[in-house]
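Please describe this protein model for someone who has not seen it before. Begin with the chain as a whole, then go on to the strands, the core and some individual side chains.

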Amino acid sequence: MKSMQGRVVCATNDKTVAVEVVRLWPHPKYKRRIKKKKKYQAHDPQNQFSVGDYVQLQKSSPISKTKAFVAVPVVAKNKPKAVEAVPLELGLPLESQEKSGE
């Protein structure tokens, strides 16, 4: 089974987060893809995740009656890159400075 990714929907319990995993499932008759949601309880030993964080669930031996996964932070693949600031002193006058000096 592939590792699952989801969004934390509840983080009130100590060392436990509830993660909602959304998957696409083909309808048996109409063959249209439908979103299916399921919530899993995951172990969060440092209480580092809050509601809205995206996590990856790794299978582990059962930790309690409902917990058999460990929450791991997701590394963003398509994270927007920071735009480099253009230094103001390039030694070249700007267009607005050239016209105002004349």
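## The chain as a whole

Of the 102 residues of the protein chain, 19% count as buried, where buried means under 20% relative accessible area, exposed means over 50%, and partly exposed lies in between (1.4 Å probe, protein chains only). The model is predicted, and for that reason local features need pLDDT of at least 70 and side-chain atom pairs count only at pLDDT 80 or more, while totals for chains, interfaces and linings use all residues. Residues are numbered from 1 along each chain as its sequence is written, and side-chain values use heavy atoms, with hydrogens and water left out.

The secondary structure of the protein chain comes to 1 helix and 5 strands, taken as DSSP runs numbered from the N terminus, with helices being H or I of at least four residues and strands being E of at least two. Read from the N terminus on, the elements follow the order β-β-β-β-β-α. Among contacts between residues at least 6 apart in sequence, 45% join residues at least 24 apart, a contact being heavy atoms within 4.5 Å.

## How the strands pair

Two strands are said to pair if DSSP finds at least two bridges between them. Strand β1 (residues 4-10) pairs in the antiparallel sense with strand β2 (residues 16-26) over 3 bridges, and Cys10 has Ala18 in β2 as its bridge partner. The hairpin of β1 and β2 has 5 residues between the strands, and Lys15 takes a positive phi near 60° there. Strand β1 also pairs with strand β4 (residues 54-59), again in the antiparallel sense, over 4 bridges, with Gln5 standing opposite Gln56 in β4.

Strands β2 and β3 run antiparallel and are joined by 11 bridges, one of which can be followed through Arg23, whose bridge partner in β3 is Lys36. These two strands form a hairpin with 6 residues between them, and Lys31 in its turn has a positive phi of about 60°. Strand β5 pairs with β3 in the parallel sense over 3 bridges, where Ala42 stands opposite Phe69. Strand β5 also pairs with β4 in the antiparallel sense over 5 bridges, and there Val55 has Pro73 as its bridge partner.

## The nonpolar core

The largest nonpolar core has 12 residues, namely Met4, Val8, Val17, Val19, Val21, Tyr40, Ala42, Phe49, Val55, Leu57, Phe69 and Ala71; such a core is a set of buried Ala, Val, Leu, Ile, Met, Phe, Trp, Tyr and Cys residues joined through side-chain atoms within 4.5 Å. At least two residues of this core come from each of β1, β2, β3 (33-43), β4 and β5 (67-73), and the largest share, 3 residues, is supplied by β2.

## Aromatic rings and charges over them

The structure holds 1 aromatic pair, a term for rings of Phe, Tyr and Trp (its six-membered ring) whose centres lie within 6.5 Å, with planes under 30 degrees apart counted as stacked, over 60 as edge-to-face and the rest as tilted. Tyr40 and Phe69 form this pair, which is edge-to-face, with 5.3 Å centre to centre and 70° between the planes. Because Tyr40 lies in strand β3 and Phe69 in strand β5, the pair ties together parts that are 29 residues apart in sequence. Tyr40 counts as buried at 18% relative accessibility, and Phe69 counts as buried at 11%. Leaving aside its neighbours within four places in sequence, Tyr40 is in contact with Met4, Val17, Ala18, Val19, Val21, Leu57 and Phe69.

Lys59 lies over the face of Phe69, at 5.2 Å from the ring centre. A charge sits over a ring if NZ of Lys or CZ of Arg is within 6 Å of the ring centre and within 35 degrees of the ring normal. The charged end of Lys36 likewise sits over the ring of Trp25, 4.3 Å from its centre.

## Thr16 and its surroundings

Thr16 has its place in strand β2 and counts as buried at 12% relative accessibility. Its side chain is joined to that of Lys67 by a polar contact of 3.0 Å, meaning a pair of N or O atoms within 3.5 Å, where within protein one must be able to donate a hydrogen and the other to accept it, and residues adjacent in sequence count only if both atoms are side-chain atoms. Not counting residues up to four places away in sequence, Thr16 touches Cys10, Ala11, Gln41, Ala42, Asp44, Asn47 and Lys67.
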